[in-house]
Amino acid sequence: MPEFLLGAAAFVLGTVALGLMRLLRGPGHADRMLSAQLLGTGGVGALLLLGVATGVGAIAEVALLLALLAAFASVAFVSGIQRSDGRGPPSATAPAAADSPGEHRRETA
Amino acid sequence: MRLALDILTIVAVSLGAIFFLAGTVGLLRFPDTLTRLHALTKADNLGLGLVVLGLLPQVSGPLSALALLAVWLLALLSGSTVGQLLAGKAAVPDPDRAPTLTPGAGASHD
Amino acid sequence: MNDPTLFGLCGAALVGLGLYGLLCQPGALRKILAFNLIGSGVFLLFGVIALRGGGVLAAAGRGIDGDPVPQALIITGLVVAFAATSIAVALLLRLAETSGRTTLENEAPPAPSLPGERASRPDGES
Amino acid sequence: MDLAALLVTPFARLTELGGLLLVIPLMLPVVGLLLAPLLRGRWLGGGLLGRFTLLLLLLGLVAALAVATAVLTGDEALKYYLGGWLPPLGVALKADGLSAIMLLLSAVVILAVGVYAQREFQVPPDASETRASLVFWMLLMGVWAGLNAAFLGQDLFTLFVALELLTFSAVPLVALDGRAETLAAALRYLLFALLGSVLYLLGAVLFYGTYATLDITLLAERISGEPALPPAVIAAAALMTVGLLAKTALFPLHLWLPPAHAGAPPPASAILSALVVKASFFLILRLWFDVMPGALTPMTAQILGGLGAGAILFGNLVALRQARLKLLIAYSTVAQIGYLFLIFPLAARAESAALTGGMLQVVAHALAKAAMFMAAGLIAKALGHDRVRDLGGCVRVLPLTLLAFGLAGLSLIGLQPSGGYLTKTLLTAAADGTGQGWLGLVIQVGGLLTAAYLFWVFGHVLFGVPSTPAMPIKPPGRAQELVVLALALGALLLGLVPPALFDLVEVGRAGLEASAAVATAMAGAFGWSKLWGDVWPLLVVGLLVLGMLPWPDRPAGGSPRPATTSLSVTGHWAADLGTLLEPADRGLRQWPVAGLSLLILLLALAAAISTGA
Amino acid sequence: MTNALIVDAALALLVLGLALWVIATRAAYRAVVGFVAYGLLMAIIWVRLAAVDVAMTEAALGTGLTGLLLLGAAARLAPYETAEFDRRPGRGLRVLIGLLCAAVTLGLAAVVLLLPAPAPSLASLVADNLPPTGVGNPVTGVLLAHRAIDTLLESVVLLPALIGVWSVAANPAWGGRPGSLPRPPASSALTLLAQVLPPFGILVGIHLVWNGADDPGGKFQGATVLAAMWILVLIAGLREAPALRERRLRVLLVVGALVFIGIGASGIWLAGAFLAYPEGYAKPLILAIEAVLTLSIAATLGLLLAGPPAGDRPIGTTS
């Protein structure tokens, strides 16, 4: 059974690694992000398989941590995409600033 | 009994792996971000769920089983959140590739 | 060739790649990323040394998989690297805000800017 | 009498603590750093935090004195095992003579800076805390903590953490004024220092992979037992050396130093130039003289010495071309760092003189350079600028400050009886004694070039036309001036310290004759022929430099004129040399070029180390 | 064993490919996305290297916090980025540097292959000296007992780093609320996530610290999770970041290291050495230090992410 689970882990990893092609090709930030997200889920799955295959219970905790922090990183991704929408050098005084949420946080002391 | 559980594991994990594959294929082949997003979230959540299901018979205690389930729930939660957040944003192009005027970013210089 | 050696070679390659990026990528953010790559290559090498060091114990049937000393040091190192990254990012963001620069040329005047490209931005601060 | 007893008895008991004594200099700055963010408010008219730091610095000076006394009287290194765990599992602290000197030096210099900075970083009446004051005082303690940990640590990884503590504290000091140039300088400094750290760490990792210990004493034992150095050790030594060189800013890896040291606020510049670069140099000493004594192959020594000689010539020449006083002093640091590396080619056969000379250079340069940076700070503050060409007339406003600047300069030039004189005499004697006379020549030329840029500055100060009549914008604080003067006098009078005290250098290392070397060097220092022999070349240089000054026909309006318009012959020489050197310096300080130098140096050092393996 | 080898080889290749992407791709944002994926794979590699403690740290710090930090930076720097590419060093210089870097890699690879076998190690020494510390996780034993000074200095290092981040603030903003976190517009999904995740994360964090004494885990991992949860709440706008002049916050930042030093100093009298623990009390003291240190480190890590103070204006008034 461990051998099968290891094989499955390798398969899942290999599959999601193929998904990294999207990271290369884009075309949008969102597409690249999706491939990283797939890698995250696949990595979690592979870790779970590895944990059971090797009998080290703590590996599941790594997977747990990864899932927890992946959610966190995804939020950062999404917020970041919104920030980088604004193309030109941001200017705090531009009326458009209100539309891109990152802008008002620049210091205008 | 043991054998039946092992078979369950093999079947479920294999199915899960196939769903991961499906998600990848969807990500690579589907035409636009939104469809990719939907294909992906469904496929990888199902894939992970099946893997977790398959592993459940193999773990020793209820606590470990709980941990497995928790991992899946977390992945579901974050997947759906990101899906929702992205759905409104999916059309954002990579500014380096396809410069377009994004509504709102009034001061576009190009 | 056993598995840890494979990762050891991987670590060596990461150090080389990171060095190249740190030296040749002009953008400071890219340099920060490259620094993190070198760091993780070094940690990977240390992790390989830790695993090799655990071999004695695994043979003796004791409960430790690897040498815990390097593992502890790697954890410390990761936290230090994060702190370094955060200072660098803070300095860089501020630099970009005040002068529009994200590269590290020193006294040299700003690069000849193309028409339409903005070399620096007016700033109401300070 | 009673008062003396009251002071002496606790001090005596302090020196009897043994190894435990080392915990005090290690932890005092750390505790200060941790308490600092809680101390807000005004107190005695200046700010609670500044006064608190001053108190802590005084205590630190006492602790450093106690360590030095204990080491000198006990004639052996103090050692302490933290947590009671012996290496290789635990981490040891050790203070040998070198550590004691460095601890004392840092305590003195930081105390002086602390006094100086009271006025610069006081809290205004309407605030309980300002950005600059909190950041400066906290990071001052951070630097101090990092320095002391670097001087006491005996474990390569603990030393790594100490170096990072030092870097993280030093870098933000550079950008304290928040201008774009200083931010860029700080970022550049940070990234290059991080590259240095990570290379150092890689070296430590390889040491661990080979010997499963990071303790310096244990490593030394195991390495000296090797018939030939294993490849991992060769790589580790090369990586650590280059990493530390990057942090020390040895030519040609000096890209970050001039803008960072010139851009920081003066008290911070003083700390950076006097102490921070010395910490990584100190670790290079530790590596080559403690971790792997005997592994210093002639090739390696020649490479390090050659770079040192290059730094002396190049740094001094470029300093000569600087238009701003602080940049000039920063380039002078680049040159002065070079002297430190001359000890490597000399140490093989003249270890006493080389190591003593090197440590003296560390001390003398630290005192002199701290004085100069702070003096430059006072000048810049009073005049509102630090352009060398427009310094005319400021001697009337700042006589004490300029006196201190000049006295510190005498030590850099190396006139009797300064620490610089001792350094140069010791190193020159060692160079002649080991058949490397060219190093002695470099030292002499370096001294003359130093004299040249100091004459250049003083020529403008004394003979230049005052640029603006209403000059004194803000007279300096008396305490500030006195502190600067005290540091400068310290550097100048170092040679008069009883030679017996220099025995501190040899504590903890066998076969050194420090005090004898110093006594020999000082013998006859004040003979007329010797004195005249040292002074007349300076006079010649002085005349040549004064020939370059654009006086007395300075055009009105104070617009700076290019040096080429000077009619003197030397002016043309200088201009020609400058057109060659400045592009060279700018080129070498390009990030990719400096990186290329670093890589070449890394591979060359690895090859050089393995020639003896 | 072959399957394991395939997994390892795949991991190594993927990591190298991603590193190449991080170095070579043109836009910083893409590089950062690649770097986050890279960190994820590194976590798996740490598991393969039997270093679960490290894997947890990498998963939490490497992908989570570093990801957020760098993504935020890349997004804010994107507008300035266009000029960067033209400033690359010339081709000849690049080739030369590339060759030398390759030489460094080859040299290191040779060193790795020539490392002594059997490998020297402190593993058995640690195992022998673990009982007096009372903890079961050797990594925690090393961090909190054998090499406690490193851990102490390291928790101290975070403070100058934080001051360094704060120091770039504009003078009038000093003492105000930090202002570098991304602020997506209010959305029900995000709010839900920020409400559901933190209780769970806090549970995990506490579990990691508590369990870290005997099983993989510990204060760094726990603190990272706590910091991430705090930041998530801030990003979602459920809470406001505290003003940095608040005394309670300042106390929180330093209390961990101060307690550590205090307990360490008491060891001089009670156990004969600085940073030694009295016999029999080692484990409770270690747990106490870990607990307080977790809070301080979590606060520091969170604030490192939150960036320099940006004044007192309430956050989110315009979104």
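Chain B has an average pLDDT of 73, and 78% of its residues score at least 70, where pLDDT is the predictor's confidence in each residue, from 0 to 100. Over residues 90–110 of chain B the pLDDT is below 50, yet this stretch has 49 contacts in the model beyond near neighbours in sequence; two residues are in contact if their C-beta atoms, placed from the backbone, lie within 7 Å. Where pLDDT is low, the predicted coordinates should not be read in detail.

This is a predicted model, in which local features need pLDDT of at least 70 and side-chain atom pairs count only at pLDDT 80 or more, while totals for chains, interfaces and linings use all residues. Residues are numbered from 1 along each chain as its sequence is written, and chains are lettered from A and ligands numbered from 1 in the order in which they are written.

Staying with chain B, you will find three helices and zero strands, in the order α-α-α along the sequence. Helices (H or I, at least four residues) and strands (E, at least two) are DSSP runs, numbered from the N terminus. Of the 110 residues in chain B, 38% are buried, that is, with 20 or more other C-beta atoms within 10 Å of their own, the C-beta atoms being placed from the backbone. Among the contacts in chain B between residues at least 6 apart in sequence, 58% join residues at least 24 apart.

Next, let us look at chains C and E. Here 74 residues of chain C are in contact with 83 residues of chain E. On the chain C side, the elements giving two or more residues are α1 (3–24), α2 (28–60) and α3 (68–99), and α3(C) gives the most, with 22 residues. By class, this side of chain C has 45 nonpolar, 20 polar and nine charged residues; Ala, Val, Leu, Ile, Met, Phe, Trp, Tyr, Cys and Pro count as nonpolar, Asp, Glu, Lys and Arg as charged, and the others, Gly among them, as polar.

Within chain E, helix α7 (residues 148–167) has 20 residues and reaches 29 Å from its first C-alpha to its last, close to the 28 Å expected at 1.5 Å a residue. Because 20 of the 20 residues of α7(E) are buried, this helix is largely enclosed by the rest of the structure.

Finally, turn to chain D. I216(D), L219(D) and A220(D) in α8(D) meet R286(D), D290(D) and V291(D) in α11(D), a contact with four nonpolar, no polar and two charged residues.

Technical notes:
A residue is buried if 20 or more other C-beta atoms lie within 10 Å of its own, exposed if 12 or fewer, and partly exposed in between; C-beta atoms are placed from the backbone. The expected span of a helix is 1.5 Å times one less than its number of residues.
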